[in-house]
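Thanks for coming, everyone. I'll take you through one model today, chain by chain. Please have a look at it on the screen.

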Amino acid sequence: MEADLFQRLLDLWYDPLYRFALSLSRNRDSALDLTQHTFACWAEKGGALRDTSKAKAWLFTVLYREFLRNERMRRREPTADDADSFDRIEAEGRSSYDIIDGHAAMQALQSVDEIHRAPLALFYLENNSYREIAEILDVPIGTVMSRMSRGKEQLRGILKINQERRFKVIEGKRASKGASREQ
Amino acid sequence: MNNEKAKLVLSVYRPGGQDAIDPTFDKALDQVRRDPAMAVWFEEQRRLDEQMMDALAGFPVPSDGRLIAGLAIEPRRWRFAFRPLALAASVILMLSLGVWALLGDRTLQLPETATLTQISLYLTEHQSSLGLMSDDLARVRSWLESREGPVPGKLPPGLAQLTLIGCETWKTTRGRVSLICFMGEGQQVAHLYIFEGAQSRGDLPSMNAPSFSRENDWLLASWQDGRSAYVLGAPAAAGTVIESYLKS
């Protein structure tokens, strides 16, 4: 029975947890490790959770706490990754965004500041309610709202800049094709 | 409620309408109905949310990670089996039902017509847990032998260089089968199935010229050596070149 429940949880939540881990860590291997750790924790301690309807929040919370723990350790030992911080980008005006595919969306999400990224990822990846997000991140509902609001504002700016970059690349390719034809 | 407060509240409003009956959003949604500028903002946000959700839902997830995560249940399963109360209850139940014999002869039912590669894929799908977690090949061999499971002869050179994860063995209606699980670079898993009695599978090639195939997103190599038949499987999505596991 226990193994059956584990398998069901694995089938249901492996993909969403991996995507959440990837959005947080911005690294495939770290995301795999975080997801693996989460299920190992369930195998070790999940039996203590009497209400299995809470399993989803439990799994996401474990993953998020492990990510924060890893980040604290990483920051004590500065690496080249620390230079890879993203400038805060504010959106100018409102428009629709040309999100090409999952990779472009994930890249944009990963570019949002860490503090805003976790609630955004839980909202977009698993359609969590604000109450669920507050429970998983262990923050008040008002904090979820303000982080989501600022996070979406930042995301709009990132998407807008990414879109402009894509247009420039396309225009550049067109111009170089035109020049080669004239020659 | 002013527009700034309404935007703050609505930033957590899900586009699928699940929150429509939540009173937390009542005043903010009223503001959207009253103020055209808010309506434009809200529509733009809904579009952004839907685009992000749709795009992220299709983001690919490595298939091998799930298999490895599935191994995590094993240690707990064993510990659970030896919890005193559970053990006592099991003993009483088994004695009263007289099912010791059944337990001692737990045989996996496999179709008579299935090929060895089909059996390997079936076992990967339905029996993915490992009885022993160990990176020590000698211990794996000993564990399999003690359970009368087929033990591999010499491992293919490439496979011997991978990290050993553990093993399992089953008694099936097609004879005894063992599994040895490995992990390569990038946490890619490889499963080596060993089938006893290769004499009845005379169509399999030798280890020097194995047969390669692809089924259900798994790359497979099969051969026979001595008294055993072998099927080696690895997920195709991981970009694995299965031939490399067989070469030195």
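Where in chain A does Asn127(A) lie? Asn127(A) sits in the loop between α5 and α6 of chain A.

Before going on, the ground rules. This is a predicted model: local features need pLDDT of at least 70, side-chain atom pairs count only at pLDDT 80 or more, and totals for chains, interfaces and linings use all residues. Residues are numbered from 1 along each chain as its sequence is written, while chains are lettered from A and ligands numbered from 1 in the order in which they are written.

Asn127(A) is not a glycine, yet its phi is positive, about 55°. For context, most residues other than glycine have a negative phi. Asn127(A) counts as partly exposed because it has 16 C-beta neighbours inside 10 Å. The cut-offs are these: buried means 20 or more other C-beta atoms within 10 Å of the residue's own, exposed means 12 or fewer, and partly exposed is in between, with C-beta atoms placed from the backbone.

Chain A has another residue of this kind. Arg26(A) has a positive phi near 60°, and Arg26(A) is not a glycine. Where does Arg26(A) lie? Arg26(A) is in the loop between α1 (2–25) and α2 (28–45) of chain A. With 19 other C-beta atoms within 10 Å, Arg26(A) is partly exposed.

Helix α5 (residues 114–126) and helix α6 (residues 130–137) of chain A pack at an angle of about 135°, and their axes are 10 Å apart. Axes here are lines fitted to C-alpha atoms, for helices over the stretch in contact, and angles run from 0 to 180 degrees between N-to-C directions. α5(A) and α6(A) are therefore oblique to each other. On that scale, under 35 degrees is roughly parallel, over 145 roughly antiparallel, 65 to 115 roughly perpendicular, and the rest oblique.

Which residues meet there? From α5(A) come Ala118(A), Pro119(A), Leu122(A) and Phe123(A). From α6(A) come Ile133(A), Ile136(A) and Leu137(A). By class, that contact has seven nonpolar, no polar and no charged residues. Nonpolar covers Ala, Val, Leu, Ile, Met, Phe, Trp, Tyr, Cys and Pro; charged covers Asp, Glu, Lys and Arg; the others, Gly among them, are polar. Contact means C-beta atoms, placed from the backbone, within 7 Å.

One more helix in chain A. In α4 (residues 102–111), the buried residues are Ala105(A), Met106(A), Ala108(A) and Leu109(A). Seen down the axis of α4(A), they fall within an arc of 160°, so they line one face of the helix. The arc is that of the directions from the helix axis to the C-beta atoms.

Helices (H or I, at least four residues) and strands (E, at least two) are DSSP runs, numbered from the N terminus. Of its 183 residues, 36% count as buried. Take the contacts in chain A with a separation of 6 or more: residues 24 or more positions apart account for 72% of them.

On to chain B. How many helices and strands are there in chain B? There are 10 helices and seven strands. Of the 248 residues of chain B, 33% count as buried. Of the chain B contacts with a separation of 6 or more, 59% come from residues 24 or more positions apart.

Start with a helix pair. Helix α1 (residues 3–10) and helix α3 (residues 36–57) of chain B pack at an angle of about 20°, with axes 11 Å apart. That makes α1(B) roughly parallel to α3(B). Asn3(B), Ala6(B), Lys7(B) and Leu10(B) in α1(B) meet Met38(B), Trp41(B), Phe42(B) and Gln45(B) in α3(B). By class, this contact has five nonpolar, two polar and one charged residues.

Last stop, strand β5 (residues 211–215) of chain B, where Ser213(B) lies. Ser213(B) counts as partly exposed because 14 C-beta neighbours fall inside 10 Å. Leaving aside neighbours within four places in sequence, Ser213(B) is in contact with Thr117(B) and Leu220(B).

Ala209(B) lies in the loop between β4 (189–196) and β5 of chain B. Is Ala209(B) buried or exposed? With 7 C-beta neighbours inside 10 Å, Ala209(B) counts as exposed.

That's the tour. Over to you.

Terms used:
Two residues are in contact if their C-beta atoms, placed from the backbone, lie within 7 Å.
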